[in-house]
Amino acid sequence: MEVIFIRHLPTPGNEKKQYIGRTDEVLSSGSVTSFHKKREMYLKSQKEGKYPPFYPPAEMIVASPMKRCVQTAELIYPGQKIVTEPELRECDFGRFEGKTYEELKDDPAYIAWLESGGVLAFPEGEDQETFRSRCVEGVCRWLKKGAAEKKRSIAFVVHGGTIMAALHRLAEGEHSFYDWQTGNGRGFLALAAEDEWQAGREILREIRELPVR
């Protein structure tokens, strides 16, 4: 089964380089316009036999329930059924929510968080272990369902942090949490062997980056 991880397209907060977690933003108008223009160019090139599909096709599409992810999923997979999984929502950044590095760089709590390698809980926000564990549980729930239903492909349209959490725990081999950072509209492809997942061996193999969009 092919597994596709896609980070949502940019929101206004992303474009301002803010920490956007619990804030339920929609996509920026500029990112939607840019998406449509790029897709039109790809569709034209595809007809000429030059490029593969704009995004990999998926038989099952699972999104974070936050507006920016649902909207992205609807743009990438128009007309297809999209299910939402609450466990895949982004981390609650607490007091850092909506702020930029420049606004936080002199805050002792922020400095301590950076020096911890990002593992401290966000002040008044979500604990990192809780966040990462729920993301993994959400991904595993749907991968097991996809394997049981013999799906050939499943796409997760989620947040950058969600992708990092899932691949940090599930990717074969040794990797850092930050090895899986990816840009808006970008992501990763992986393979999940149905027999392994049905037997309880939760591993993602042959991970590679999505082609640049």
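Here is a short tour of this predicted model, stop by stop. Residues are numbered from 1 along each chain as its sequence is written, and side-chain values use heavy atoms, leaving out hydrogens and water. Local features need pLDDT of at least 70 and side-chain atom pairs count only at pLDDT 80 or more, while totals for chains, interfaces and linings use all residues.

**Stop 1: helix 6**

Select 128-148, which is helix 6. Helices here are DSSP runs of H or I with at least four residues, strands are runs of E with at least two, and both are numbered from the N terminus. (The expected span is 1.5 Å times one less than the number of residues.) Now zoom in on the start of helix 6: a side-chain oxygen of Asp127 comes within 3.0 Å of the backbone nitrogen of Glu129. Then jump to Lys150, just after the helix, which has a positive phi of about 60°.

**Stop 2: the core**

Next, pick Val3, Phe5, Leu143, Ile154, Phe156 and Leu204, the residues with the most contacts inside the largest nonpolar core, which has 40 residues. Such a core is a set of buried Ala, Val, Leu, Ile, Met, Phe, Trp, Tyr and Cys residues joined through side-chain atoms within 4.5 Å; buried means under 20% relative accessible area with a 1.4 Å probe, protein chains only. Helix 6 gives the largest share, 8 residues.

**Stop 3: two buried polar side chains**

Select Ser153 in strand 4. Ser153 counts as buried because its relative accessible area is 8%, and a polar atom of its side chain lies 3.0 Å from the backbone nitrogen of Glu59. Now go to Glu85, in the loop between strand 3 (82-84) and helix 4 (101-104). Glu85 is buried too, at 6%, and a polar atom of its side chain sits 3.0 Å from the backbone nitrogen of Glu87.

**Stop 4: the largest pocket**

Finally, show the largest pocket, with about 660 Å³ of space. (On a 1 Å grid over the protein atoms alone, a pocket is an open set of points where a 1.4 Å probe fits, with protein on both sides within 12 Å along at least five of seven lines; lining residues have an atom within 4 Å of a point.) Of its 28 lining residues, Arg7, Tyr19, Glu90, Phe93 and Met164 are the closest to the centre. Helix 1 (12-15), helix 6 and helix 7 (160-170) each give two or more residues to the lining.

Note on methods: Grid points are joined across faces, edges and corners, and a volume is the space filled by probe spheres set on the points. A polar contact is a pair of N or O atoms within 3.5 Å; within protein, one must be able to donate a hydrogen and the other to accept it, and residues adjacent in sequence count only if both atoms are side-chain atoms. Buried means under 20% relative accessible area, exposed over 50%, partly exposed in between (1.4 Å probe, protein chains only).
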